[in-house]
Amino acid sequence: MANKDRNKTILLELGKLPENNQCADCSAPDPDWASYKLGVFVCLNCSGVHRNLSNISRVKSIRLDFWDDELVKFMKTNGNATGRAIYEKAVPAFYYRPQQEDCAVLREQWIRAKYERMEFTGETKYPPLAYTTGFYEGMLWKKGKEKGQFQRRKFVLSEKEFTLAYFNKEDPSKGPKALISIKDVNVTFQPEKIGHAHGLQITYQKDSHTRSIFVYHESGEEIVNWFNAIRAARFAYLKTAYPTGSDKELRTRITRNYLKEGYMEKTGPMQKETFKKRWFILDSQDRKLLYFKSQLDAEELGVVFIGTETNGYSVSECIPKRTRGNRWRCGVTVDTPDRQFVFMCEQEREQREWVEALRQVISKPMQPQDYTTEANIRGKS
């Protein structure tokens, strides 16, 4: 019979090795679980996905479960570095590798793509993987502008044309409802905001405004394929627009999650108007603080550019004020070269988070394109 204590000690020591001290699938620190069929160490959340792949993976706790000598020997022979060499040998540069804070569908489909569908082993796939062909089309549930209901709409992505189109009717001969340039597209998962586990927000620029499309698909695999197909088109565009940029540099600009989102209350330019509840999005890459009437609005009500201290921008906590219903609120003050903005929060925790996030943007040096964005925004105000 295996020595339980000895094997536990060996596994814990293996888990502390630099190649094993992060989850093999989401990089969470100090994984407490391991797949004894794949030979990799994983975190609690990812172990749940592995349990649903019982014909491929079997998991045990390295702290609580019994491990016999043969399984321990298998883990010693393998490990996360070996697993990556096999299952992540040929991950495309544009493909999004989920982290521990990412939504469940991204992490699940990454795990399934690696171990179940074997998409990244470097073997030739036929037919080719859908998100690698440069052309993708299909039906998605899209939120309507008027009634707010989700309706099935056809979407067509063309890497060759650098466009994403959607149609109000299934007959494409009638032309697209919108033809969106990949140049300014961003895509991010928003399950809580949209109210669906596979919810996706697509944003783009139109007539100097930020437009948003909210979509989902019943299939987790399909929505993640759409996500990575859009990333593939974005990466191809960036390679054309910035031919000297390395893959590592361009990857950071393909798509991004927003630094912070949430409700705050906002007054008017004279700071004498009634405070009104608005949904705010802080886009750190474009240095924009956008605000909307509600979180699923298609277009922003306004935008504040967030520059650097040397350019006259600052953020601070402000003293509590009375807002709607004669209630006291803590707030955030954003000073720009032109004016001062005051936003009120429900709780001190939210106030601290907004101040911290805004200071993070202010601390970043401005890039050449940021000065153009600043001039356009200040020109409209």
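**Briefing: cysteines and strand β11**

At 1% relative accessibility, cysteine 345 counts as buried (under 20% relative accessible area; exposed is over 50%, partly exposed lies in between, with a 1.4 Å probe and protein chains only). This is a predicted model, in which local features need pLDDT of at least 70 and side-chain atom pairs count only at pLDDT 80 or more, while totals for chains, interfaces and linings use all residues. Residues are numbered from 1 along each chain as its sequence is written, and side-chain values use heavy atoms, with hydrogens and water left out.

**Cysteines**

- The count of disulfides (pairs of cysteine sulfur atoms within 2.5 Å) comes to 0.
- Cysteine 46 takes part in no disulfide, as its nearest cysteine sulfur, belonging to cysteine 43, lies 3.7 Å away.
- Cysteine 46 is also buried, its relative accessible area being 1%.
- Cysteine 345 is likewise in no disulfide; the nearest cysteine sulfur is that of cysteine 330, at 5.5 Å.

**Strand β11 and its partners**

- Strand β11 spans residues 260-266 and is mostly covered, with 5 of its 7 residues buried; strands (E, at least two residues) are DSSP runs, numbered from the N terminus.
- With strand β12 (residues 276-283), β11 pairs in the antiparallel sense over 7 bridges, where pairing requires that DSSP find at least two bridges between two strands.
- Within β12, leucine 282 stands opposite lysine 260.
- Strand β17 (residues 340-345) also pairs with β11 in the antiparallel sense, over 2 bridges.
- Methionine 344 in β17 is the bridge partner of glutamate 265.

Conventions. Helices (H or I, at least four residues) and strands (E, at least two) are DSSP runs, numbered from the N terminus.
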